[in-house]
Amino acid sequence: MIYGYVRVSTKEQNEERQMIAMNDFGVDKIFMDKQSGKDFERMQYQKLLKKLKPDDILAVKSIDRLGRNYEEILEQWRIITKERKAAIVVLDMPLLDTRKNKDLTGTLIADIVLQLLSYVAQTEREFICQRQREGIAAAKARGVKFGREAMERPAEFEGIRALWEKGEISARASAKQLGIAHKTFLRWVNQTNFG
């Protein structure tokens, strides 16, 4: 059986390029995740891993589609090829095709290329995170606000808070009367008391 694994980091990203490559390769069944490659706790990937049997083939478009964590890529590669005894084909890198070159030299070259590409994938993820942090910091410096705007406290808040402080009404009942969440009411009370 030939399985394909497709991954994009967000729901907005397009997986079409990977899907075309899977169809061109003749994949029987495709598993797809729309999730970050920082780890392998991905639902479709885990389902795929359970399906793999000896002599099955797993195709991925490129090594970073499998994941972006250096050590975990190497560990998953080992699980797939040694424990599950399935083959892996990285379509963009013909040297990473465990169906071929099973001699010592071929295995050595594939291992070196795998380690190099896994390192590059993780380094790229670290650069993406660093650029994101820098972008957020620059936006904050320009005065851009992140997150939801703070809710306005209704005019009735002070009166209901006073009843709550006297023990005449519970926090949950107070929140319900104000039409807000229980935690929001308690946060507002704390901000009033300490702010």
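Predicted model: local features only at pLDDT ≥ 70, side-chain atom pairs only at ≥ 80, totals over all residues.
A charge sits over a ring when NZ of Lys or CZ of Arg is within 6 Å of the ring centre and within 35 degrees of the ring normal.

Four strands form an open sheet, in the order S2-S1-S3-S4, and the pairing is parallel. Which strands are at the edges? S2 and S4, residues 87-90; each pairs on one side only. On average, neighbouring strands are turned by 20° against each other, direction ignored. S1 and S2 run parallel and are joined by six bridges. Across that pairing, Tyr-3 stands opposite Lys-29 in S2.

Now the helices. H1 packs on the sheet and touches S1, S2, S3 and S4. The direction of H1 makes about 170° with that of S1. H2, residues 43-51, lies across S1, S2 and S3. H2 runs at about 150° to S2.

Stay with H1, residues 16-25. Which of its residues are buried? Gln-18, Ala-21 and Met-22. Seen down the axis of H1, these buried residues fall within an arc of 100°, so they line one face of the helix. What covers the buried residues of H1? The cover includes strands S1, S2 and S3, plus helix H3, residues 63-66. On the other side of H1, Arg-17, Asn-23 and Asp-24 are exposed. Just after H1 comes Gly-26, with a positive phi of about 85°.

Next, the rings. How many aromatic pairs does the structure hold? Six. Take Tyr-3 and Phe-31. Their ring centres are 5.9 Å apart and their planes are at 50°, so the pair is tilted. This pair links distant parts of the chain: Tyr-3 is in S1, Phe-31 is in S2, and they are 28 residues apart. Both residues are buried.

Then Phe-40 and Tyr-45. Here the centres are 5.1 Å apart and the planes are at 55°, so this pair is tilted too. Buried or exposed? Phe-40 counts as buried, at 2% relative accessibility. Tyr-45 counts as buried as well, at 0%. Further along, ring pairs link Phe-157, Trp-164, Phe-185 and Trp-188 into a cluster.

Back to charges over rings. Lys-29 lies over the face of Phe-31, 5.0 Å from the ring centre. Likewise, the charged end of Arg-42 sits over the ring of Phe-40, at 4.6 Å from its centre.

How values were computed:
Residues numbered from 1 in each chain as written. Heavy atoms only, no water. Buried < 20%, exposed > 50% of the residue type's maximum accessible area, 1.4 Å probe, protein only. Helix = DSSP H or I, 4+ residues; strand = E, 2+ residues; numbered from the N terminus. Arc of directions from axis to C-beta. Contact = heavy atoms within 4.5 Å. Phe/Tyr/Trp six-rings, centres within 6.5 Å; stacked < 30°, edge-to-face > 60°. Pairing = 2+ DSSP bridges. Axes fitted to C-alpha atoms, helices over the stretch in contact; angles between N-to-C directions.
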